[in-house]
Each structure stands twice: as structure tokens, then as C-alpha cells.
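I opened the notebook to look up a few things in this structure. The entries follow in the order I took them.

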Amino acid sequence: MTVAVVGVAESDLGVTGKSILHLQAQAITGALRDAGLPLGAIDGLATAGASRFSAAQVAEYLGVQPAWTDSTFAGGSAFEMYVARAAQAIEAGQCTTVLISYGSNQRSARSRSLAGVAEPHTPQAEFEAPYGPLYPVSYYAMAAQRYLHERGARREDLAEVAVAAREWALLNPKAYRHRAGPLTVEQVLAQPMISSPLTALDCCLVTDGGAALVLTTLERARDLRPDPVVVLGYGESTTHDGMAAPSDLLRTGTIAAGRRAFARAGLGPRDVDVAQLYDSFTITVLLTLEGLGFCGPGEAGDLVRSRRLPFNTTGGGLSYCHPGMYGLLLLVEAVRQVRGECGPRQVPDARVALAHGVGGIFSTHATVLLGADR
């Protein structure tokens, strides 16, 4: 059985002053309207970030009693994982129509901080906390420093990721930095250093925002709209929790997740027309491009500079929005690109789109391949 996406939507973005559930409701009603479905059609729900029991809370708020739920908390990659779980649940007959949703008001609520280790009770905390890391930027900065050292890259290669993101944001009126004007490598390098070698513009935004996505069988999807977007493949990998655990900071779980997704889809990196890559920090993008096989080790900076591969066409987490966990918004844009709905930022003839989420400190990784109904 083939599964397809029939509806996507964003909530208000930026600084909204709205609650988490309000933002979720905005996105959910928008995605259902996009799909042409009533709320009562939903019998599967996957969500995270609302509360300790996120799926139960969102279901209660919506007034639905789903037959299947998932609230796996894996950080930014959770939503790509949900697509896999939802497809499997639909194929197994556990449910027919799955809603994936997310919302965060972290900017309005001022709930985000750069405090030390995220969870002081964890075993690794006693070994990491004495060094006073900023969470999570110091950990990503370690990977960036290692990348520059081992692969012969320069800080300019990191900065180029932020410059490319801004170029796309200037084409997207919903982007937080849509009116901020063009960005140069020199401007990125001149920003205050947050954790060497990452400056303020190497780091993602902190915004409110939410999104929703609806999946069902391809057969039903064809009755709902003329352009359903098919789930072609998916893969994931969970590698570690503490930063001291990986034996190689540059060999991330992206490699295994991408290989599994490509194998399931029967595709390779050259088949991808547009990519939506988690960009919590500029180093995240460089390692993701290399891990997915779009280029060789140390070649990602040149690939970004060449603009050969269209990626993060909204402006990404660096210039569009980043509401805590950004993975669902990657999927929303991937769907819209395959449908051809993106206006000035539309990638011509985009038939296959990739979305890749990263959670924790390069801890969890999940890849989804989406394509036009052939």
C-alpha cells in the first residue's frame, strides 16, 4: 500500500503571543482545509512538544479519540520519524488518516536559554557541566571546529550556508528575515562569536511557529486532490546522547539514515531535485550534505557555494523560522515544492524532494523522500 501527503500548513510564525495549542490549532485547521478533510476523518495523531503527554493533550484539545498515536520525542528529527511510523500504521490497517502536528511559542514565552547541560540528572552531565558549555551551541561548535581541522575547510564555508539561506528567505514573505536584506560571508564572520567557530549568524533563529501535515492512502488521496505527494522512502538512525560518546564527531547518523531512505525508495542523491535540511547551525548543513552523499567529505562548502543543489528554499532555520523543533516545517516545504506551489522560490520540475531532520546533539537523524504521483 502506498501512502501520500494530502494536506500541509504552517501556523503564524515569528513572535506571535499565542499559546502552543493555539498555534497547533491554526496549523491543523489549515492542513485539513488543504486536504479537503473534516477533523472527524483523523484517526491517527503524531505530535510532540505540547506537554509530557503531547498526543493525549492535543487529541483532547481537538476533541478526537485516535486509534493510533505517536509522541516519540527525538528532537528535530521526530517528525520525519512520524512520517515513517504513520506510513507503517496506515499500511498495517491501524488507522486510515494521520495528522502530524507541532507548535511552539518559545520566542513569545522566552522559554529558550543557552544554559549549560540540558539535563543535569544524566550520567554525562557531571563530566560536561564543569566546562560550562552553552547548550546546544557549544556541542555543535566542537563538531564545527573538528570539521575545519580535519577536512581543511574554512570558516567561510560555514558562513556560505547562512548566505544561501538568506537568498531564499528574500523570496519568502513568511521568512522572519525576509526584509533583512542580502547577507555576505563577511557579515557572517563579523558577527559576535557565540561559541568558536560559530558566530551569531551561524546559529538558527529562535521563533514561535507550528505546522501540520496529513497522510492517507494514495488511493484515497487521489480522490481528495489532483496532486498528492507520495512517501517514497524513509530511514533513521539514533547514535548517542552525550557528546563524549561518538568516536568520530564527523561521522553522524545521517549516513545510515540517508542510505536506508534511498534504498527503500530505490533512489540516490542524484535523483533529488530539492532538499530541506535541518539547519540548527551552519555545520549541521555541511555534515548533512556530505552524510547524505550529495558530495564527498570536505566538499560541502564548495557545493553550497556553487548553488547546484537547491536546499532550504524557505530560508531555513537560519532565516525563515526555528520554533524549537523544525523538522515538520522541512516536510511542509518539501511537499509544496513537489506540488509546484512555491512561487518565486519554486524549483523548476521538482519531482523528488528530500527532508532530513536532526535532533539532540547530532543524536537522532531521519530522512524522508517524497515524490510526485507518477
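Entry 1: The model is predicted. I began with Cys204 and asked: is Cys204 buried or exposed? Cys204 has a relative accessible area of 19%. The cut-off for buried is under 20%, so Cys204 counts as buried.

I then looked for disulfides. How many disulfides does the rule give? The count is 0. For Cys203, the nearest cysteine sulfur is that of Cys204, 7.1 Å away. A disulfide needs the two sulfur atoms within 2.5 Å, so Cys203 is in no disulfide. I checked from the other side too. Cys204 has the sulfur of Cys203 as its nearest cysteine sulfur, at 7.1 Å, and is in no disulfide. I also noted the burial of Cys203: its relative accessibility is 11%, and Cys203 counts as buried.

**Entry 2: the whole chain.** I went on to the fold. How many helices and strands does the protein chain have? I found 14 helices and 11 strands. The C-alpha trace spans about 55 × 45 × 40 Å along its principal axes.

I then checked the radius of gyration. The protein chain has 19 Å. For 374 residues, a compact globule would come near 21 Å, so the value agrees with a compact globule.

Next I looked at contacts along the chain.

Entry 3: What share of the 374 residues is buried? Buried residues make up 61%. The accessible surface of the protein chain comes to about 14,700 Å². Carbon and sulfur atoms hold 50% of that surface.

The protein chain has 31 positive and 35 negative charges. Their mean positions lie 3 Å apart.

**Entry 4: Val274.** Where does Val274 sit? Val274 is in strand β9, which covers residues 274–277. Its relative accessible area is 0%, so Val274 is buried.

Which residues does Val274 touch, leaving out those up to four places away in sequence? I listed Pro310, Thr313, Gln337, Val347, Ala350, Val352, Ala353 and Leu354.

Thr364 is 90 residues from Val274 in sequence. In space the two are 22 Å apart, C-alpha to C-alpha.

How values were computed. Residues are numbered from 1 along each chain as its sequence is written. This is a predicted model: local features need pLDDT of at least 70, side-chain atom pairs count only at pLDDT 80 or more; totals for chains, interfaces and linings use all residues. Side-chain values use heavy atoms; hydrogens and water are left out. Buried means under 20% relative accessible area, exposed over 50%, partly exposed in between (1.4 Å probe, protein chains only). Helices (H or I, at least four residues) and strands (E, at least two) are DSSP runs, numbered from the N terminus. The radius of gyration is taken over C-alpha atoms; the globule rule is 2.2 Å times the number of residues to the power 0.38. Accessible areas come from the Shrake-Rupley method with a 1.4 Å probe; for residues, only the protein chains shown count as cover. Lys and Arg count as positive and Asp and Glu as negative; His and the chain ends are not counted. The place of a charge is taken as NZ of Lys, CZ of Arg, CG of Asp or CD of Glu. Contact means heavy atoms within 4.5 Å.
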